[in-house]
Amino acid sequence: MDDLSRRRMLITGGALGALGALGAASPARAKSLWTWAPSGSVAGKGAGVDPDWVWDEEADPVLAAVIERGEVAKVNEALRKWTRNDQALPAGLPADLRDFMERARRLPSWADQDKLTAAARFTTKKGIYTGALYGLGSGLMSCAIPREARAVYYSKGGADMKDRIAKTAQLGYDVGDLDAYQPSGGMIVTAVKTRLVHAAVRHLLPQSPGWSGTSGGQTIPISQADIMVTWHSLATFVMSKPIDWGVRISPSESAGYLHVWQVTAHMLGVLDEYIPASWDEANAQSRQVLDPILASTPEGRELTDVLLDLVADLDAGLTRPLINGFTRYTLGNRTGDLIGLDKEPFWQPLISAAWPLLVAFREGLIPLPLIPAGAWTVEEALRKFVLFYLSEGKGPSIEIPDANRPS
Ligand code: HEM
C-alpha cells in the first residue's frame, strides 16, 4: 500500500461508521422487489419468498451453538485434516456439527458428472479468461457490493484482508479444478467449510457495532439473496465477458460451467428454488439482484486498495495502472469509479484496442502479425497473474471465526 492510501485508511478508520451510515441511506442501495419466479430455478418450483429474508436454517443454529460452547478452536483444528471430498469426517467434531456436515457434504441428486467434466474442460481451455476475470473482475466487483464489503470488513478476517481476499478468490479457481467434485477433489470440503464460516458470521456480526451501524437495517448478514448477488458477480459475470469478447464456447461447456456453479450454490446452502436453471434465468436474476445494488462505500474502497496491493505484491510485472485499465475495461467505468480506481489515459485506450485483437488471435481469427507489440505486455501480465493463483497462490485452510474484527 502506498503511503497516501495507508494514511487515508488511518484517517478514515474512525469515520467509517458515520460514512457507512450515509452510504446505507443513499439511493444507490435501493433494492428492487423480488419477482424472480421459482419456476426458473433448478427446483422448478418454490414458495417464492424473497431470499433477502432467508438465511441457512440448518447450519445457523449449529454454528451458533458451537461458538457459544467455546468449541471453535477445537473444531478448526479437527477440520484442518479434512481436505479431500472422499475423506471421512475427522474425529473430535461435536455430534451436532458432525450430523449436519454428513448431510451437507452430499451432492444434490441433480448433480451431473458429465456436465461437471464439461465445466473442467471449459476452464482448461479458457483459463486465461476465467483466471483474469475472477481475480480482477469479480474480486474487484465485490468491493462495489456494499453488504459483502462491509461483512468482510467487520468480520475477523477483515483484520487481515489480504489473506481473506486471497482465500475467496481461491474458491473461484478451485471450482475450475479438473476433479473439483470428484472423490479426489476438494470442492465439497471447501464449500461445506465456507457454509460453516458464513453461518458463524451470521451469529457474530450482529454483535459488531461497526457492522450494525452500517448494515442499513439488515439484522442478520449473508442472506440467500446476498449469496446469489456474489454468485452472479462470479458465475454470471465470468460467463458474460468471454461472450461479449467473441470467445467461442460450445453449448456443452457453457452448460457445464453453469452446472458447476449451480452445484456450488447448493453446497453453500442456497435453496434450490433460488438457483437459476439456465443462463437466461441467471441473467434475469442478476439484473434484478446485482445490477441495482452496486454502490460505493468506504469499506469497499479500502478493500480495493488492499486487493490492488495484493496484485502488486505478486511482482508479476503488473503495474497498478495496467490493472486499473484492465479492470475498468472489464467492469466498466461506472464500477471503476465506485471502487475508486484511477482513470488510466494511457492503458485504457491501449487495452481497449489490444484486447479484442488478442482474443481474435487466440480464437484463430486473425494472424500474428496483426497484433501490436504493446498488446503482449497486457497478455503477459495477465498470464503471470493467473499462473500465480493457480500455482503458488494456495492460501491457508478456511477457518471458522470465533470473533469479529477487533474495533
Ligand atoms: C468467508 C466464499 C458469499 C461474507 C468466505 C470464505 C469463502 C467464501 C471461500 C472463506 C474464506 C476465509 O476463510 O476467510 C463465498 C462465496 C460466496 C460468498 C463463493 C457466494 C457465492 C458471501 C456473501 C457475504 C460473504 C454474500 C456477505 C454479504 C463472508 C465473510 C466471511 C466469508 C464475512 C468470513 C471472513 C472471516 O473469516 O472473518 N466466503 N462467499 N460471503 N464470507 Fe463469503
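Modeller: Leaving aside residues up to four places away in sequence, Thr236 touches Trp231, Trp279, Ala282, Asn283 and Ser286, where contact means heavy atoms within 4.5 Å. Before going further, please note that this is a predicted model, in which local features need pLDDT of at least 70 and side-chain atom pairs count only at pLDDT 80 or more, while totals for chains, interfaces and linings use all residues. Residues are numbered from 1 along each chain as its sequence is written, and side-chain values use heavy atoms, with hydrogens and water left out.

Thr236 itself belongs to helix H11 (residues 224–244); helices (H or I, at least four residues) and strands (E, at least two) are DSSP runs, numbered from the N terminus. With a relative accessible area of 5%, Thr236 counts as buried, a term that means under 20% relative accessible area, with exposed being over 50% and partly exposed in between (1.4 Å probe, protein chains only). On the side of helix H13 (residues 279–289), the buried residues are Trp279, Ala282, Gln285, Ser286, Gln288 and Val289, and their cover includes H11 and helix H12 (251–267).

Turning to the rings, the whole structure contains 13 aromatic pairs; rings of Phe, Tyr and Trp (its six-membered ring) pair if their centres lie within 6.5 Å, and planes under 30 degrees apart count as stacked, over 60 as edge-to-face and the rest as tilted. One of these is the tilted pair of Trp34 and Trp36, at 6.0 Å centre to centre with 50° between the planes. Trp34 is buried at a relative accessible area of 14%, and Trp36 is buried at 6%. The pair of Tyr129 and Trp355 is edge-to-face, because the planes stand at 85°, with the ring centres 6.3 Å apart. This pair links distant parts of the chain, as Tyr129 lies in helix H6 (residues 113–141) and Trp355 in helix H17 (residues 347–362), 226 residues apart. Both Tyr129 and Trp355 are buried, and together with Trp245, Phe326 and Tyr329 they form one aromatic cluster.

Trp355 also has Arg362 over its face, 5.6 Å from the ring centre; a charge sits over a ring if NZ of Lys or CZ of Arg is within 6 Å of the ring centre and within 35 degrees of the ring normal. Elsewhere, the charged end of Arg405 sits over the ring of Tyr153, 4.1 Å from its centre.
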